[in-house]
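Thanks for coming, everyone. I have one chain to walk you through today. Please bring it up on your screens.

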Amino acid sequence: MISADLGQPLEAVVAELVANGRFGSSNDVLREGVRLVQEREARRTALQAAIDEGLADMAAGRTRPAEDVFAELEAHYKAMSPTGK
């Protein structure tokens, strides 16, 4: 069992969420908060992995000139546009 001292401002938020019916109990609010932190941490971990992969690619010389990438993206999005512009 976990017990947490949230402090008055956060306890007031929890109480309001329960009072207005958004959550059934303070435990429900805290579970949702922990779930959101868990999701955020998973996104942060995935982002860090992508950054690490990019840095490894750069270190290994697996890069392309930015001008080439931008030209490719511009052509791609122009092709998607109904006006072709």
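Start with helix α2, residues 26–59. It has 34 residues. From its first C-alpha to its last, helix α2 reaches 49 Å, close to the 50 Å expected at 1.5 Å a residue. That expected span is 1.5 Å times one less than the number of residues in the helix. When I say helix, I mean a DSSP run of H or I with at least four residues; a strand is a run of E with at least two, and both are numbered from the N terminus. After α2 comes G61, and its phi is positive, near 80 degrees.

A word on the source. This is a predicted model, where local features need pLDDT of at least 70 and side-chain atom pairs count only at pLDDT 80 or more, while totals for chains, interfaces and linings use all residues. Residues are numbered from 1 along each chain as its sequence is written, and side-chain values use heavy atoms, with hydrogens and water left out.

Now back to the start of the chain. Helix α1 covers residues 8–19, twelve residues in total. Its end-to-end C-alpha reach is 16 Å, close to the 16 Å expected. G21 follows α1, again with a positive phi, near 85 degrees.

How many helices and strands does the chain have? Three helices and zero strands. The order from the N terminus is α-α-α. The chain's radius of gyration is 23 Å, well over the 12 Å that the globule rule gives for 85 residues, so the chain is more spread out than a compact globule. That radius is taken over C-alpha atoms, and the rule is 2.2 Å times the number of residues to the power 0.38. Along its principal axes, the C-alpha trace spans about 55 × 40 × 20 Å.

Next, burial. Buried residues make up 4% of the 85 residues. The cut-offs: buried is under 20% relative accessible area, exposed is over 50%, and partly exposed is in between, with a 1.4 Å probe and protein chains only.

Two residues give a sense of distance. R43 is in helix α2, and it is exposed at 53%. Its C-alpha is 27 Å from that of Y77, which is 34 residues away along the chain. L73 is in helix α3, residues 66–80. L73 is partly exposed, at 40%. Between the C-alpha atoms of L73 and A4, 69 residues apart along the chain, there are 49 Å.

On to charges. The structure holds eight salt bridges. Each one is a side-chain nitrogen of Lys or Arg within 4 Å of a carboxyl oxygen of Asp or Glu.

Take D28 and R31. Their closest N and O atoms are 2.6 Å apart. Both residues lie in helix α2, three residues apart, about one turn of the helix. An α-helix has 3.6 residues a turn, so residues three or four places apart point the same way. D28 is partly exposed at 28%, while R31 is exposed at 52%.

Another bridge joins R62 to D57, with the closest N and O atoms 2.7 Å apart. R62 is exposed at 54%; D57 is partly exposed at 23%. E72 pairs with R64, at 2.6 Å between the closest N and O atoms. R64 counts as partly exposed, at 47%. There is also a network: salt bridges with shared partners join E32, R35 and E39.

Last stop, the largest pocket. Which residues line it? M1, I2, S3, A4, L6, S26, N27, L30, R31 and V34. Six of the lining residues are nonpolar, three polar and one charged. Here Ala, Val, Leu, Ile, Met, Phe, Trp, Tyr, Cys and Pro count as nonpolar; Asp, Glu, Lys and Arg as charged; and the others, Gly among them, as polar. The pocket holds about 270 Å³ of space.

On a 1 Å grid over the protein atoms alone, a pocket is an open set of points where a 1.4 Å probe fits, with protein on both sides within 12 Å along at least five of seven lines; lining residues have an atom within 4 Å of a point. Points are joined across faces, edges and corners, and the volume is the space filled by probe spheres set on them.
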